[in-house]
Amino acid sequence: MTISLFVDNISKAFGGNQVLKSVTFSLQKGEILGLLGPNGSGKSTLLNAISGFTAIDSGTITAGAERIDKMPPHRIIRAGIARTFQLPAMPAKMTVMEVVMAAGTRHHGIWNGLFSLPSGRRAERKDHMKATGLLDTLLLTKVRDMPAAALSGGQKKLLGIACALMGDPDILMLDEPMAGVHPTLRQELVATLQTLSGNGISLVIIEHDMHFITSLCERCIVLDRGHIVASCHPDDLSKNQEVLDAYLGGASRALKEAV
C-alpha cells in the first residue's frame, strides 16, 4: 500500500500543557481513518498540526515524498491536504455557490478570472460544473443562492466539505462532520465518503458518533492526553482496556472488577 501521510514522533506543548506527546502514525492511500479520544485528548491540535495551523515542537510530517511540517497552510493545501473545521465560519455577503466557486480558484489563478482570460473562463466553467455537482451530492442545491452565513450549523459543515473537495485533495481531514447534520443525510454522506476513498482519497475523521465511525472507518486511532493508546478496527475498540480507561477513567476498571 502507498503511504499518503506519515506523522513521525511529533510533540506539541502550549506553555506547560503537553498536548501531543511523540505521536506517530501513517495513513494509506484511500484509507478512512477515525481519530478518536475524549475532549482535551489532542485530536484537534493534531489536525491543526498536519494542516499547518499549529507549529509542532518536534518530529516531522510528510505527505507523499514531501515534508510539510514547516509549510504554511496555503502551501499544505497546494500539496494536496484539505480540511474542514468543527465550527466553520462563512462569509455573510457571499452566496453558497459563490463560496464554493471561490474554493476552486487555486486551479487557474484568480487573475485569469478577474481579467477574463480564455484559460480563466474555461476553468471557471469547469469549476461551476464541479461546484454544482458537489452541492447536489451534499443536498445543498436548494440553498445555493442563500447567504452562506445564513445556513444551519449542519449545512455549514456540508458546505465546508464541498469547498475542501473543490481543490481535488489527496487527503481530506474532517473535524466532526456529523455534528448538526440532519439524520436523513448521514447515510448519503457515508456513501459519498466511501466513494472518495474508492477514488484514492485518504480521509482522517474526528467524530464522536460511533455508529458513523463503525459504518465508515477501516481503522481508528485513539488519543488520550496526547498519546496514541490504540490503533485498531472500530469493532475492537470496546475490547481495549486503554480505550475504556481513556473514556471512563477508573470507572471502567471498577466496573470490570465488579462484574
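A pocket here is an open set of grid points with protein on both sides within 12 Å along at least five of seven lines. Please keep in mind that this is a predicted model.

**Exercise 1. Describe the largest pocket: its volume, its lining and the elements that supply the lining.**

Solution. 
- Start with the volume: the largest pocket holds about 680 Å³ of space.
- Next, look at the residues around that space. The lining has 30 residues, and the closest to the pocket centre are Ile 77, Arg 83, Ala 103, Cys 163 and Ala 164.
- Now assign the lining to elements. Two or more residues come from each of α2 (73-78), β6 (81-83), α3 (96-102) and α6 (153-165). The largest share, five residues, belongs to α2.

**Exercise 2. Work out the strand order of the open sheet of four strands, and find its edges.**

Solution. 
- Reading across the sheet gives β2-β1-β4-β5, with antiparallel pairing.
- The edges are β2 (17-28) and β5 (66-67), since each of these strands pairs on one side only.
- Zoom in on one pair: β1 (residues 3-14) and β2 run antiparallel and are joined by eight bridges. For a landmark, find Val 7, whose bridge partner in β2 is Phe 25.

**Exercise 3. Check whether the length of helix α7 agrees with its number of residues, then list its buried residues.**

Solution. 
- Helix α7 covers residues 183-198, which makes 16 residues.
- Buried residues in α7 are Leu 185, Leu 189, Val 190, Thr 192, Leu 193, Leu 196 and Ser 197.
- To read such a list, recall that an α-helix has 3.6 residues a turn, so residues three or four places apart point the same way.
- Just past the helix, Gly 200 adopts a positive phi of about 100°.

**Exercise 4. Is Ile 32 buried or exposed, and which residues does Ile 32 touch?**

Solution. 
- Locate Ile 32 in strand β3 (residues 32-36).
- Its relative accessibility is 2%, and because buried means under 20%, Ile 32 counts as buried.
- Leaving out residues up to four places away in sequence, Ile 32 touches Leu 193, Gln 194, Ser 197, Leu 203, Ile 205, Leu 216, Cys 217, Glu 218 and Arg 219.
- Take Leu 193 from that list: 161 residues separate it from Ile 32 along the chain, yet their C-alpha atoms are 8.6 Å apart.

Conventions. Residues numbered from 1 in each chain as written. Predicted model: local features only at pLDDT ≥ 70, side-chain atom pairs only at ≥ 80, totals over all residues. Heavy atoms only, no water. Expected span 1.5 Å × (residues − 1). Buried < 20%, exposed > 50% of the residue type's maximum accessible area, 1.4 Å probe, protein only. Pairing = 2+ DSSP bridges. 1 Å grid on protein atoms, 1.4 Å probe; cavity = no way out; pocket = protein on both sides within 12 Å on 5 of 7 lines; lining within 4 Å. Points joined across faces, edges and corners; volume = space filled by probe spheres on them. Contact = heavy atoms within 4.5 Å.
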